Amino acid sequence: MTKLLPRALGLLAAAVASQRAQAQLVYEPFAYPVASALDNQINPGNGQAWSRMGTGDDIALTAGNLPYAGLAPASGNSAFLSGSGRSQRLSLGAPISSGTTYYSLSFQVTTLGAMETLPAFVAGFSNGSGTSGTQPQTVGTRLYLRRGSQENTFNVGVSKNSSNVADIAFDATDFALNTPIFVVGSYAINGSIAGSDDQAKLWINPTALGAAAAPAGSAPGSPVLSAPVAGTDLLSAGAPSLRGFVLRQDVPDVPGVQVDELRVANTWAQVTPPAGITWTGETDGTWSTPARWSTGAVPNDPSSFVNFPSANNAARTVTVDAPVSLRTINFTGTAAYTIGASAGGSVNFSGSSAINVLAAGNHTIAAPVNLSDNLLASVRSGSTLTVSGDLSSGGFSLTKAGAGTLQLRNARVDELNVSGGRVNILPNGSTTGVSKVKSLAVNGPVASLDLVNNDLIIDYTGASPLGTLDGSTYTGVTGSIQSGRNAGAWNGAGILASQAAAANPAVPTTLGVAEAAKVLGLSGSQTAMWRGQIVDATSLLLKYTYAGDADLNGKINGDDYFLIDSHVAAAAAAGNVSYYHGDFNYDGKINGDDYFLIDSNVGGQGTPMAEGVFDASPAVGEAVASVPEPASLAGAVAVAAAM
């Protein structure tokens, strides 16, 4: 079964993911040992490895940074590429199949090398990930370099995905060698099928750092290049796909180029972060105190970038004592921060907003959080960001990127995209822990959504994301639960309820899933209240409950026996195998193993979980009210005995 799980998770993404681009923020400061090779280095943010392409010398790590005026300070080291050695590719995590995606980097050319008549490209988006025996052939928004009109100078250009000189847009500015340059490239996917209409742009030394949207035109000294719409679009399996980022060495020889501060995101603001305003207090304090901030001014503006560095490696609490507006919070140090709130305090994010945990550390936002646009939360590997306060989405999306963990009180957003790492819903079990989304995407192999002991509603439009049985593997949401359940260990990638592994082994709990139309009898425009939320006939319900609770009402009784009895004989028929039909262990079959679960639990179940309460050691006689109706129980025993 293990070999089939990645396919199931891929089908989940296809069935449930929204058409909005799934942002995977990459921040690469090249903080690796100097003089080592870039090959196989693990990016600390998204947990992905740099992978070789082709043969020859490796890209090397070198000391020093390439700062750019107004941009967030550079850190780590840098990479150096030259000649015709191996290229390197970093996976973006979840494939990006729609919208506009940006990259930014700083670079300087140290030698022109063998660039005579032909230009050379050194970076761009890839439609694949992982190692390859050949050099990259399909690269989007190619960063091109050519000799300038004067000695020891060069020009910068861009093509969409073509090596023809006529398909490259060049800026005529002659840059001298060893001149640091900051560029931003964009790749816009137009449509959802194979074609050649995608578009690429390149901004050279832009000045609109941290803006909500990319500049529409050029500013003095910062031109914008639009590549000709030539060359095929970036595709994977016939569909648009950005999957990696390439740093290229190849023939014709690439000039000597030092590269630093690589970023990838789906907003202009997050690839052009300004220096921002930094908390400087060595003790706890309130947000509204000017002396606590590096500029002497309190950050309270929709364009604000706010940084929280380490403060003598001691934990700090910053109290938001009034509503504040901002675009981005960056946790740049290892010391733990808690952003709390006094009466009336709240954190209000504007457009193109993000919360970035950029260093190894654990942080908490306990203040109320309000969104006026989509939010990207990027948490680096080994770190945890906890948003324990209320999160008011206003109908926007939340994307979790990075290999770390994001913990939420609940997820009540239009779209929840778990692109990398883990999203945990804090242990609760009551109606306040119930999450509700309109669409869900979990990037199976590298991401998971842990409901712990909470419930989830997917109020979908169009085709149901429930999934179906394909062999012994489920697709859609059921397939993701099958993967997260991991044969009862509840530690796999996908969707899981980790408390099921810690609950009383004699009374197994699980994450059940069923259509509201079936368990609540809804049709047409009918609605009902379930776990404190309004649901309709196109709502998918996921409930933490006793294994065997087929109708998701928090207890096992005759109704659940009726459902499994009704479907055990016809389990092989199309549409008759699911958790609701009696496959309580998600093995793709309805048999004696499922009867064992329901029979074990019917007499041992504790308080009904309508309110999410689970008593791991129920008192004697507590389960009397949940004993099945005699007729149904007799039938169940007969079927189980026969099996």
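## Close-up views of a predicted model

**View 1. Arg-52 and Asp-39 join their side chains in a salt bridge, with 2.4 Å from N to O.** A salt bridge here is a side-chain nitrogen of Lys or Arg within 4 Å of a carboxyl oxygen of Asp or Glu. Arg-52 belongs to strand 2 (residues 50-53), while Asp-39 sits in the loop between strand 1 (26-28) and strand 2, so the pair ties together parts 13 residues apart in sequence. Helices (H or I, at least four residues) and strands (E, at least two) are DSSP runs, numbered from the N terminus. Asp-39 is buried at 16% relative accessible area, and Arg-52 is partly exposed at 33%. Buried means under 20% relative accessible area, exposed over 50%, and partly exposed in between (1.4 Å probe, protein chains only).

A word on what you are looking at: this is a predicted model, in which local features need pLDDT of at least 70 and side-chain atom pairs count only at pLDDT 80 or more, while totals for chains, interfaces and linings use all residues. Residues are numbered from 1 along each chain as its sequence is written, and side-chain values use heavy atoms, with hydrogens and water left out.

**View 2. The whole chain, before we zoom in again, has 8 helices and 44 strands.** Of its 643 residues, 56% count as buried. The chain exposes about 22600 Å², of which carbon and sulfur atoms supply 53%; accessible areas come from the Shrake-Rupley method with a 1.4 Å probe, and for residues only the protein chains shown count as cover. A search of the whole structure finds 10 salt bridges.

**View 3. Ser-87 is found in strand 5 (residues 87-96).** This serine is buried, with a relative accessible area of 0%. A polar atom of its side chain lies 3.0 Å from the backbone oxygen of Gln-249. Such a polar contact is a pair of N or O atoms within 3.5 Å; within protein, one must be able to donate a hydrogen and the other to accept it, and residues adjacent in sequence count only if both atoms are side-chain atoms. Leaving aside neighbours within four places in sequence, Ser-87 is in contact (heavy atoms within 4.5 Å) with residues including Arg-52, Met-53, Gln-135 and Leu-247. Arg-52 is the residue from the salt bridge with Asp-39 in the opening view.

**View 4. Nine strands line up in an open sheet, in the order 20-22-24-26-29-32-34-36-40, with parallel pairing.** Two strands pair if DSSP finds at least two bridges between them. Strand 20 (285-286) and strand 40 (494-496) stand at the edges with a single partner strand each, so one side of each has no neighbour in the sheet. Look next at strand 26 (residues 362-365) and strand 29 (residues 384-387), which pair in the parallel sense over 4 bridges. Thr-364 has Thr-386, in strand 29, as its bridge partner.

**View 5. Arg-422 and Asp-450 meet through their side chains in a salt bridge of 3.0 Å, N to O.** Arg-422 lies in strand 34 (residues 421-425) and Asp-450 in strand 36 (residues 447-450), so the pair ties together parts 28 residues apart in sequence. Asp-450 is buried at 2% relative accessibility, whereas Arg-422 is partly exposed at 23%.

**View 6. Trp-287, Phe-308, Phe-331 and Leu-542 touch the most other members of the largest nonpolar core, which has 91 residues.** A nonpolar core is a set of buried Ala, Val, Leu, Ile, Met, Phe, Trp, Tyr and Cys residues joined through side-chain atoms within 4.5 Å. Strand 44 (residues 539-546) gives this core its largest share, 5 residues. Apart from it lies another core, of 47 residues, with Leu-112, Val-158, Leu-247 and Val-254 among them.

**View 7. Asn-557 caps the N-terminal end of helix 6, with a side-chain oxygen 3.1 Å from the backbone nitrogen of Asp-559.** Within helix 6 (residues 558-568), the buried residues include Tyr-561, Leu-563, Ile-564 and Val-568.

**View 8. Asn-152 and Ala-237 each show a positive phi without being a glycine.** Most residues other than glycine have a negative phi. Asn-152, with a phi of about 60°, lies in the loop between strand 8 (139-147) and strand 9 (153-159). Ala-237, with a phi of about 55°, is in the loop between strand 15 (235-236) and strand 16 (239-240). Asn-152 is partly exposed at 44% relative accessible area, and Ala-237 is exposed at 84%.
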